[in-house]
Amino acid sequence: LNHLSPPPPLTRPAERGSSDFSLASFTFDAPPTPDDLLLQTGGFGRFQHRVLAAAGAAYGLCAVPALAPVFLVPAIAEAWDASRTQQDLVSSAFFAGYFVGLATLASAADRVGRRPIILLSVVAMFATTLATFLAPNYPVLISLRALSGVFTGAAFNTITVLLVELAIPERRAVVKAVLGCCWPVGAAFFVAVAWLVRGVSWRWMGVAAAAYVPVAVVLLLRLPESPRFLFLQRRVAELHELLVRMAEENDVTYLYPMEHLEKNIPGGGAAAVDSHEAPPKP
């Protein structure tokens, strides 16, 4: 069964200044997978840490619209004399929208890219959350809660996908664990905001929470596209530029030339990039 063994993966790159670095000793015989290319950029370094911090901040703030009913329900019950059913719909509308966001916008990230969906979703999530706290009546509030759910579901899912695709396999569990810690931090932020504005109208809670939006947007503007998405779309020039930038920030020398990417990236879709083809039977 020796002929069924796959060719060895690309080796990890030598650090700059290392005596082991040699372009002549590096081979490009096997078509690369996205994980092979990530190894050539240093695996998991400063670049990934920076992106994880920026995206984690936005990920944690997804807790704000999810927890909003804790403060909205008592407020509308008092201000608008909302019935028990109307109060329950504040949460139900959000999670109905959340499901729609997962099924539509999150899936659209496979066609248009992770980065544009994240930017759109995070900005729209906070715009609709802010508008929810300023809603003039109950029907408008419920409609905005549903829209907020749509964009929260898209942001929550797509941020996870992007960060996992920027990490080498052995660090993906760490990425998920860090993201899991960001959610309670975002929840604590919202509770702190609620405590700070406890003496004024409940509408100011959304305004105060939305004050963080410009910071989140500035952080997310430097968010890269997923290398796996660029790989699958055969956007070779953008992929090569991203990989070089990742390697530079991670302080390693990137070895894989763009001409080899153009020649070796398979065109068979997702199934073709996750495993090397077995060599032909002798």
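Reader: Is Asp251 buried, partly exposed or exposed, and what is its relative accessibility?

Author: Start with the general idea: buried means under 20% relative accessible area, exposed means over 50%, and partly exposed is in between (1.4 Å probe, protein chains only). At 40% relative accessibility, Asp251 counts as partly exposed. Before we go on, this is a predicted model, so local features need pLDDT of at least 70 and side-chain atom pairs count only at pLDDT 80 or more, while totals for chains, interfaces and linings use all residues. Residues are numbered from 1 along each chain as its sequence is written, and side-chain values use heavy atoms, with hydrogens and water left out.

Reader: Where is Asp251 in the chain?

Author: Look in the loop between helix H12 (236–249) and helix H13 (258–264). For reading those labels, helices (H or I, at least four residues) and strands (E, at least two) are DSSP runs, numbered from the N terminus. Asp251 also has a positive phi of about 65°, although it is not a glycine.

Reader: How many helices and strands does the protein chain have?

Author: The count is 14 helices and 0 strands. Along the sequence, the pattern reads α-α-α-α-α-α-α-α-α-α-α-α-α-α. Of the 282 residues in the protein chain, 48% are buried. The accessible surface comes to about 13700 Å², and 63% of that belongs to carbon and sulfur atoms. Accessible areas come from the Shrake-Rupley method with a 1.4 Å probe, and for residues only the protein chains shown count as cover.

Reader: What share of the contacts with a separation of 6 or more comes from residues 24 or more positions apart?

Author: A contact here means heavy atoms within 4.5 Å. Residues 24 or more positions apart account for 80% of the contacts in the protein chain with a separation of 6 or more. Thr41 and Thr253 are 212 residues apart in sequence, yet 7.4 Å apart in space, C-alpha to C-alpha. Leaving aside neighbours within four places in sequence, Thr41 is in contact with Leu243, Met246, Ala247, Asn250, Val252 and Tyr254. Thr41 is buried, with a relative accessible area of 0%.

Reader: Which residues does Phe94 touch, not counting those up to four places away in sequence?

Author: Those are Pro65, Ala66, Arg145, Ser148, Gly149 and Thr152. Phe94 is found in helix H4, and at 1% relative accessibility Phe94 counts as buried. Asp88 lies in helix H4 too, but Asp88 is partly exposed, with a relative accessible area of 41%. Over in helix H7 (residues 138–165) you'll find Ala146, which touches Ala93 and Gly97, not counting residues up to four places away in sequence.

Reader: How are two packed helices described?

Author: By the angle between their axes and the distance between the axes. Axes are lines fitted to C-alpha atoms, for helices over the stretch in contact, and angles run from 0 to 180 degrees between N-to-C directions. Angles under 35 degrees count as roughly parallel, over 145 as roughly antiparallel, 65 to 115 as roughly perpendicular and the rest as oblique. Helix H4 (residues 84–103) and helix H5 (residues 105–112) pack at an angle of about 20°, with their axes 3 Å apart. H4 and H5 are therefore roughly parallel to each other.

Reader: Which residues of H4 and H5 meet?

Author: Val100, Gly101, Leu102 and Ala103 in H4 meet Leu105, Ala106 and Ser107 in H5. By class, that contact has 5 nonpolar, 2 polar and no charged residues. Here Ala, Val, Leu, Ile, Met, Phe, Trp, Tyr, Cys and Pro count as nonpolar, Asp, Glu, Lys and Arg as charged, and the others, Gly among them, as polar.

Reader: At roughly what angle do the axes of H8 and H9 cross?

Author: The axes of helix H8 (residues 172–196) and helix H9 (residues 203–210) cross at roughly 130° and come within 9 Å. H8 and H9 are therefore oblique to each other. Phe189, Phe190, Val193 and Ala194 of H8 make the contact with Met205, Ala208 and Ala209 of H9. Those residues divide into 7 nonpolar, no polar and no charged.
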